[in-house]
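Let's take a walk through this model, one feature at a time. Have the sequence and the 3D view open as you read.

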Amino acid sequence: MIDLGDNKYIIGFDNGYQFGKTANLMFENGVFPLGKVEPSVSEHSLKFERKYYKVAEGRAAITEDKVSDENARLLTMVAIAKELSAVGIRKAEIILAVGLPFSDYGREKKELIKYYEEKPVLKYEYEGIRYDVTISRIFVFPQCYSAIASRTGNMKGDYMAVDIGSKTTDIVYLVNGIPVESKSITIERAMVKWIRQIQGSLQVQYGKNIPENEILKVILKQNTNLPRSYSLHVQNGIMGQISALLLELEEREYDLNYTNVIFVGGGAVAAKNFSEHKSNFAYDTDILANAKGYEFLALQILKKQGAA
């Protein structure tokens with residue numbers, strides 16, 4: 001969150017298909033409507049327009065878009081509440097900075113802006129605390145590029161940013177810090193599908209349905225209670241998936257031997273842990289990088305307009 005003064009703030013929100021992320025925190029993206037039934041505990045509870053929800057509790061199912069229901073708005077409200085509550089603020093004007101996959105950006109940007117403009121004034125309660133928020137402007141930026149936006153001035157020559165997300169992998173190709181759209185693509189290979197495939201192979205091999213979060217712990221090299229044989233199975237599975245992704249990039253005629261490649265976001269952790277390391281590969285494992293980038297880019301625009 002960036003404080004612009006006069007009770008006005010820029011808040012970047014990366015609404016992923018697995019987690020919601022701001023510049024300072026991450027939370028699960030599940031949204032469960034409760035109707036008019038007040039929840040038993042206030043944790044993860046949201047009240048909006050006389051309806052109750054459990055938000056940021058569990059992971060939501062992957063959908064084709066994020067503007068066909070209220071879920072994206074509810075998650076955004078939670079993100080704003082979490083950022084504001086950290087500094088004790090309950091009422092504010094928000095400049096919202098969000099993102100879209102690189103290849104969807106031009107096609108879906110206007111729809112996303114329209115979606116947020118439909119309800120600019122948001123009065124709600126999150127975890128028992130009342131918030132009064134007005135979204136005065138909406139900025140939409142391309143994912144992956146946003147994660148590296150603050151450093152593009154130092155990128156001389158050819159670079160390829162790779163953002164392995166939950167639903168898709170974004171590839172942004174840059175020459176001297178400028179994206180080359182004809183060489184920037186989105187691939188339908190990503191973490192959720194990989195984890196599901198690993199779950200399926202574990203079911204076949206061991207007859208066990210292993211929870212997604214336990215597989216994710218292995219991928220992130222966190223402590224897990226899984227037997228060693230299961231962990232090795234997961235490691236081999238994710239290694240194979242990342243190898244397949246890199247092979248696809250080579251088949252699409254991206255040169256991974258001489259181009260500078262930087263993996264960004266949450267997927268960079270998996271790539272760092274389970275891919276072949278090359279001297280031209282770098283890993284920015286900040287899971288919050290896109291959200292930080294959205295705020296950075298919004299601030300640059302406001303400065304140019306004399307509004308910050």
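R50 has its place in the loop between β7 and β8. (Helices, H or I runs of at least four residues, and strands, E runs of at least two, are DSSP runs numbered from the N terminus.) R50 isn't a glycine, yet its phi is positive, at about 70 degrees. Most residues other than glycine have a negative phi. R50 counts as exposed, at 73% relative accessibility; the cut-offs are under 20% relative accessible area for buried, over 50% for exposed and partly exposed in between, with a 1.4 Å probe and protein chains only.

E49 sits in that loop too, between β7 (45-48) and β8 (51-55). E49 also has a positive phi, about 50 degrees, without being a glycine. With a relative accessible area of 49%, E49 is partly exposed.

A word on ground rules: this is a predicted model, so local features need pLDDT of at least 70 and side-chain atom pairs count only at pLDDT 80 or more, while totals for chains, interfaces and linings use all residues. Residues are numbered from 1 along each chain as its sequence is written, and side-chain values use heavy atoms, with hydrogens and water left out.

## Rings and charges

How many aromatic pairs are there? The count comes to 8, where rings of Phe, Tyr and Trp (its six-membered ring) pair if their centres lie within 6.5 Å, and planes under 30 degrees apart count as stacked, over 60 as edge-to-face and the rest as tilted. One of them joins Y115 and Y116, edge-to-face, at 5.4 Å centre to centre and 80 degrees between the planes. Y115 is buried at 4% relative accessibility, and Y116 is buried at 4% as well. Y124 and Y131 make a stacked pair, because their planes are at 25 degrees and their ring centres are 5.7 Å apart. Y124 is buried, with a relative accessible area of 0%, and Y131 is buried at 1%. Elsewhere, ring pairs link F263, F281 and Y283 into a cluster.

Some rings have a charge over them, meaning that NZ of Lys or CZ of Arg is within 6 Å of the ring centre and within 35 degrees of the ring normal. R73 lies over the face of Y115, 4.3 Å from the ring centre. K183 has its charged end over the ring of Y173, at 3.9 Å from the centre.

## The largest nonpolar core

Y124 turns up again here: along with L84, I94 and V133, Y124 has the most contacts inside the largest nonpolar core, which has 37 residues. (Such a core is a set of buried Ala, Val, Leu, Ile, Met, Phe, Trp, Tyr and Cys residues joined through side-chain atoms within 4.5 Å.) Elements giving two or more residues to this core include β2 (8-12), α1 (71-85), β9 (91-100), α2 (105-117), β10 (121-126) and β11 (129-142). The largest share comes from α1, with 9 residues.

Strand β10 also holds E125, which is partly exposed at 29% relative accessible area. E125 and S42 are 83 residues apart in sequence, but 9.9 Å apart in space, C-alpha to C-alpha.

## Pocket and cavity

On a 1 Å grid over the protein atoms alone, a cavity is a set of points where a 1.4 Å probe fits but cannot get out, and a pocket is an open set with protein on both sides within 12 Å along at least five of seven lines; lining residues have an atom within 4 Å of a point. The largest pocket holds about 640 Å³ of space. It is lined by 34 residues, and Q18, F19, K21, G165 and S166 are the closest to its centre. Elements that give two or more residues to the lining include β4 (19-21), β12 (158-164) and α7 (266-274), while α5 gives the most, with 5 residues.

The whole structure has 1 cavity of 30 Å³ or more, and the largest cavity has a volume of about 90 Å³. Among the residues lining the largest cavity are F13, D14, K66, L112 and Y116. β9 gives the most to this lining, with 3 residues.

Note on methods. Points joined across faces, edges and corners; volume = space filled by probe spheres on them.
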